[in-house]
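Subject: Handover of a structure, with notes

Dear colleague,

Please find the structure below, handed over for your use. My notes on its helices, strands and loops follow it.

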Amino acid sequence: MTDPGSQAEGRAVTRRNPPTMWDSTANGHSQISIAEAGRMAYLSGQIAASEDGSPVPTSVRGQAERVTTNLKAALEALGATARDIVMLRLYVVDGTTDRFLEAYSVVQEILKGEMPSITVLGVQSLFTPELQVEIEMTVRVP
């Protein structure tokens, strides 16, 4: 299945979901994202740190919300939108389906219906013990 918007002329990033692969669009992402020639930005893994140094939220959802706030700021700094995200990697400590869905539901809010290629990974730990969520992205700069 192909994302209906993937054939649009002039799109900087197109999406593909070949019928010979499982339909990932039901989960809100694409199997393949193709970026047109241009500049690419590789965003470091974002954690639930804030510019004012306030404490890290204790829940997966709270951390995902803080992380996506940082990601939105990075997209704005690049003049990019969710449409320009080529690849997103979501890392969750002690990954279980419930913890993945808790974090991913917040990520879907910033995607606004766009379906970049996404990988969700369960990890043993992140940089410090209180961190539970980290997200990195590859973005085509418009």
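Predicted model: local features only at pLDDT ≥ 70, side-chain atom pairs only at ≥ 80, totals over all residues.

Two packed helices are described by the angle between their axes and the distance between the axes. Here the pair is helix α1, residues 60-78, and helix α2, residues 97-111; the angle is about 30 degrees and the axes are 9 Å apart. Because angles under 35 degrees count as roughly parallel, α1 is roughly parallel to α2. The crossing of α1 and α2 is right-handed.

Which residues of the two helices meet? From α1 come V60, R61, A64, E65, T68, L71 and K72. Their counterparts in α2 are R99, E102, A103, S105, V106, V107, E109 and I110. Sorted by class, this contact of α1 with α2 contains 7 nonpolar, 2 polar and 6 charged residues.

Helix α1

Helix α1 has 19 residues, and its first and last C-alpha atoms lie 27 Å apart, close to the 27 Å expected at 1.5 Å a residue. Its buried residues are V60, G62, Q63, A64, R66, V67, T68, L71 and L75. The elements that cover these buried residues include β3 (40-46), β4, α2 and β6.

E76 also belongs to α1. With a relative accessible area of 63%, E76 is exposed, because exposed means over 50%. E76 and L90 are 14 residues apart along the chain, and their C-alpha atoms are separated by 20 Å. Just after α1, G79 has a positive phi of about 70 degrees.

Helix α2

The buried residues of α2 are A103, Y104, V106, V107, I110 and L111. They pack against α1, β4 (85-93), β5 (117-123) and β6 (133-140).

V93 lies in strand β4. Its relative accessibility is 9%, so V93 counts as buried, the limit for that class being under 20%. Not counting residues up to four places away in sequence, V93 touches R99, V123, Q124, S125, L126, L131 and Q132. V93 and L121 are 28 residues apart in sequence, and the distance between their C-alpha atoms is 8.6 Å.

T138 is in strand β6. Is T138 buried or exposed? At 12% relative accessibility, T138 counts as buried. With neighbours within four places in sequence left aside, T138 is in contact with M40, A41, Y42, D84, I85, V86, M87 and R89.

Loop residues

Most residues other than glycine have a negative phi, and most peptide bonds are trans.

D94 is in the loop between β4 and α2. Phi of D94 is near 50 degrees, a positive value in a residue other than glycine. At 52% relative accessibility, D94 counts as exposed.

K112 is not a glycine, yet its phi is positive, at about 50 degrees. With a relative accessibility of 72%, K112 counts as exposed.

A further loop, between β1 (13-16) and β2 (32-35), holds N27. N27 counts as partly exposed, at 38% relative accessibility. Leaving out residues up to four places away in sequence, N27 touches W22, Y104 and Q108. Y104 is one of the buried residues of α2. As for Q108, N27 is 81 residues from it along the chain, and the C-alpha atoms of N27 and Q108 are separated by 9.6 Å.

With kind regards

Notes: Residues numbered from 1 in each chain as written. Heavy atoms only, no water. Axes fitted to C-alpha atoms, helices over the stretch in contact; angles between N-to-C directions. Helix = DSSP H or I, 4+ residues; strand = E, 2+ residues; numbered from the N terminus. Parallel < 35°, antiparallel > 145°, perpendicular 65-115°, else oblique. Left-handed = near helix turned anticlockwise from the far one by under 90°. Contact = heavy atoms within 4.5 Å. Nonpolar A, V, L, I, M, F, W, Y, C, P; charged D, E, K, R; others polar. Buried < 20%, exposed > 50% of the residue type's maximum accessible area, 1.4 Å probe, protein only. Expected span 1.5 Å × (residues − 1).
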